[in-house]
Every structure is written in structure tokens, then in C-alpha cells.
Amino acid sequence: MEDQSMKILVTGAKGFVGRNLTMELKNQGYEHVMVFDVDTDSALLEKYVKKADFVFHLAGVNRPETEEEFMTGNFGFTSKLLDLLKKYRSKASIMLSSSIQAELDNPYGKSKLAGEELLRAYGKETGNLVYIYRFPNLYGKWSKPNYNSVVATFCHRIARGEEVVVHDRNYEVQLMYIDDVLKEMLRLLDGKGTKSGNFYEVPEVEITTVGEIYDLLMKFKGIRKDFELPKLDHLLEKNLYSTYLSYLPENDFSYELKMNTDDRGSFTEFIRTPERGQVSINVLKPGIVKGNHWHHTKNEKFLVVSGTGLIRFRHVDDEAKVIEYYVSGEKLEVVDIPVGYVHNIENLGKTDMVTIMWVNEAFDPNQSDTYFMEV
């Protein structure tokens with residue numbers, strides 16, 4: 001069980017992982033979270049180090065102006081932090097955010113590898129617990145676009161209708177969702193981090209391509225026109241959609257729906273999917289009756305949320321027996337519309353009656369499976 005009284009230091013607290021982690025630590029009831037970033041008073045670092053029981057070392061440099069800054073930001077600051085921990089003989093455990101690029105022969109990778117080696121030496125010297133995570137491409141809310149994340153850059157530009165250039169659709173990308181990172185960080189605090197060889201890891205990793213990321217994000221942009229929803233049982237698609245929405249401009253959260261109106265009221269499609277059917281909003285004027293038809297296979301669910309009315313049924317082979325269900329927004333209940341029954345709905349009230357209607361298949365005018373007959 002996590003110890004909420006633990007004093008936790010987070011470096012790089014204003015970065016992508018840092019912002020998400022500090023918010024989640026507060027959500028989980030940790031009251032002593034000390035945050036440090038590049039613009040924090042440097043004198044506070046020593047104060048925080050003296051108190052810390054656990055250090056999430058997330059500070060680092062991804063896009064410096066010069067290559068030398070890689071080593072300064074990813075090795076130099078780590079060295080400074082560890083020197084302070086040794087100065088005060090801290091017993092704090094420390095987690096280091098490294099990168100899979102530590103395996104590569106480039107300035108960024110070399111600086112990350114140097115930081116890893118420094119931390120391992122510190123652990124051997126002090127006996128303190130150290131945890132090194134080599135993260136792949138992370139994505140989720142609050143990641144900076146046009147920086148070091150293809151997902152953040154694509155989301156930002158597509159949400160604004162800006163041009164996106166895909167140089168190689170088949171380029172493979174290893175992705176990790178920020179919420180999965182947070183779950184692992186909480187497990188680590190509880191002494192249950194996921195170890196893999198000489199490193200620790202977040203178990204949930206997905207392999208995709210730049211082309212698939214682009215196609216999914218363009219699909220999300222089209223949802224406002226075709227009323228489709230993402231496939232929420234597909235984890236990458238689900239997480240990407242949540243991420244995409246976080247990049248919408250603040251003046252573009254809403255979108256209008258096409259209301260099909262006449263003197264009877266209105267009918268408006270809200271959601272349609274090939275595998276989960278269609279949801280629509282039906283507004284019925286007082287005294288108006290809609291329906292008087294039946295279906296072979298198409299089935300529906302009606303939920304009146306405002307007003308009062310009556311739903312009538314008659315089996316297509318029985319002209320005498322009419323079944324009636326009184327419905328009201330005062331008592332929310334779903335009425336199933338079985339196949340083989342003629343049905344209609346009437347507004348008995350003095351105000352508009354609003355009904356949420358679900359049908360098991362999106363409307364196709366060429367195969368409507370709708371046959372008109374009076375109840």
C-alpha cells in the first residue's frame with residue numbers, strides 16, 4: 001500500500017511526464033510533492049533534496065540549441081542532483097527517465113547513457129535504490145507539439161486544419177501512453193515496479209506506423225461530419241482519440257448537428273457506427289404521431305427524456321390487439337422496439353417531447369427495412 005505521507009521530489013515537473021505525474025500524485029492523495037523545473041529557484045533544489053524520500057528525475061533536454069546542451073542537461077544536472085543527495089546522505093530512492101535512444105550513437109543517446117551510468121554508480125556507492133526506465137515515444141495530453149513527439153505534432157496540426165507531411169508511412173514507431181506510465185510510477189512508489197533485466201519498464205507498449213497514426217487522427221477529425229466513433233475496444237485507437245481531443249483549439253470544442261425539421265418537430269443524427277448502430281434525437285410537437293411502420297431485422301430502443309407520450313405496438317398479424325406503453329421524462333425507462341411489430345409514438349403533452357432513439361444499424365436509404373402500416 002502506498003505511503004501518502006512520503007515526500008516526493010519531481011524534477012522536470014513542468015514537462016510532459018512531470019505535469020501528468022504531479023497531477024496524478026495529488027489525485028492519489030500524496031500531500032508532499034515538491035516540484036522543480038528549469039525556472040525554479042535553484043536554491044530550492046537543495047532544500048527539496050534534504051526532505052525527499054523518493055525522487056522522480058524527469059528533467060532532461062530533448063531539443064537544445066547546441067549538441068553540448070545534451071550533455072549539460074541530461075548528464076550535468078543529474079550529476080548535480082546526485083551530488084546533493086550524497087551531501088545530505090539521503091536514503092531516497094531515485095527513478096531516472098531515460099530513453100531507448102540511449103542505445104544509439106548520437107549526442108542525445110550518448111547523454112542519456114551517461115546519465116544512466118552515473119546513476120548506476122551512485123546506487124552502488126550509496127546502496128540506495130535506483131530505477132532506470134528507457135521510454136520509447138510517449139504520447140497523451142499536454143505533450144508539446146513541434147518538439148519531439150510525432151503524435152503531439154500531428155494532433156495539433158490536424159485539429160487546426162494545418163498541413164501534415166508524412167515522409168514515410170511505413171516507418172515503425174514504438175508508442176507508450178502517458179496513463180500507462182503513470183500507473184507504473186505509482187506501482188514503483190509501492191515497491192512493485194516492473195523490472196526487465198537491468199532496467200525497469202512500462203509493460204504496455206504498442207508498435208504502429210506513422211501512416212496508421214496519421215490515418216487514425218484524420219478519421220477522428222472526420223467524426224464531426226460522419227458521426228462515427230473510434231473503436232474503443234482497440235486500445236491504441238481509444239488512447240489516440242483521447243489525446244487528439246486534448247489538442248482541439250479552445251474555440252472549437254463544439255460542433256453543430258444537422259437538424260431535419262418539419263411541422264412535426266425534428267430528427268437529428270448524433271452518432272452512427274457500423275458495429276454499434278445509430279443514436280438520434282427525436283423532438284415531437286404536441287399531438288403529433290410518428291412512426292406507423294415495422295421492420296424485419298432493424299430493432300430500436302426509445303428513451304423519452306422530456307415530455308409525456310405513448311408508444312403503441314401491434315403485431316403485424318394481429319389487427320385487434322394494440323399494446324400501449326406510457327412514457328415520460330419524469331420516469332426514465334427504455335422501451336425496446338421488437339421486429340415484426342408495427343409501432344408509433346405520440347406526444348400527449350403540451351410541450352415538445354424529446355426522445356433518444358437507438359437503432360441497431362445506421363440508416364441506409366437503399367435498404368431501409370422499413371414498411372409502413374397503421375397501428
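**Close-up 1. Aspartate 252 and its salt bridge with arginine 224.** Aspartate 252 is partly exposed, with a relative accessible area of 27% (buried means under 20%, exposed over 50% and partly exposed in between, with a 1.4 Å probe and protein chains only). Its side chain meets that of arginine 224 in a salt bridge, 3.1 Å from N to O; the term stands for a side-chain nitrogen of Lys or Arg within 4 Å of a carboxyl oxygen of Asp or Glu. Arginine 224 lies in helix H7 and aspartate 252 in the loop between H8 and strand S11 (259-262), so the pair ties together parts 28 residues apart in sequence. Helices (H or I, at least four residues) and strands (E, at least two) are DSSP runs, numbered from the N terminus. The model is predicted: local features need pLDDT of at least 70, side-chain atom pairs count only at pLDDT 80 or more, and totals for chains, interfaces and linings use all residues. Residues are numbered from 1 along each chain as its sequence is written, and side-chain values use heavy atoms, with hydrogens and water left out.

**Close-up 2. The salt bridge between glutamate 237 and lysine 219.** The closest N and O atoms of this pair are 2.5 Å apart. Glutamate 237 belongs to helix H8 (residues 235-245) and lysine 219 to helix H7 (residues 210-226), 18 residues apart. Glutamate 237 is buried at 5% relative accessible area, whereas lysine 219, at 29%, is partly exposed.

**Close-up 3. The salt bridge between glutamate 324 and arginine 312.** The N to O distance is 3.8 Å. The pair links strand S17 (residues 323-328), which holds glutamate 324, to strand S16 (residues 308-315), which holds arginine 312. Glutamate 324 counts as partly exposed at 42% relative accessibility, and arginine 312 as buried at 18%.

**Close-up 4. Threonine 22 in helix H1.** Helix H1 spans residues 16-27 and contains threonine 22. This residue is buried, with a relative accessible area of 8%. A polar atom of the threonine 22 side chain lies 3.1 Å from the backbone oxygen of arginine 19.

**Close-up 5. Leucine 44 in helix H2.** Leucine 44 is found in helix H2 and is partly exposed, at 26% relative accessible area. Its C-alpha atom is separated by 9.5 Å from that of methionine 34, 10 residues apart along the chain.

**Close-up 6. Isoleucine 356 in strand S20.** Strand S20 covers residues 353-359 and includes isoleucine 356. With a relative accessible area of 32%, isoleucine 356 is partly exposed.

Methods. A polar contact is a pair of N or O atoms within 3.5 Å; within protein, one must be able to donate a hydrogen and the other to accept it, and residues adjacent in sequence count only if both atoms are side-chain atoms.
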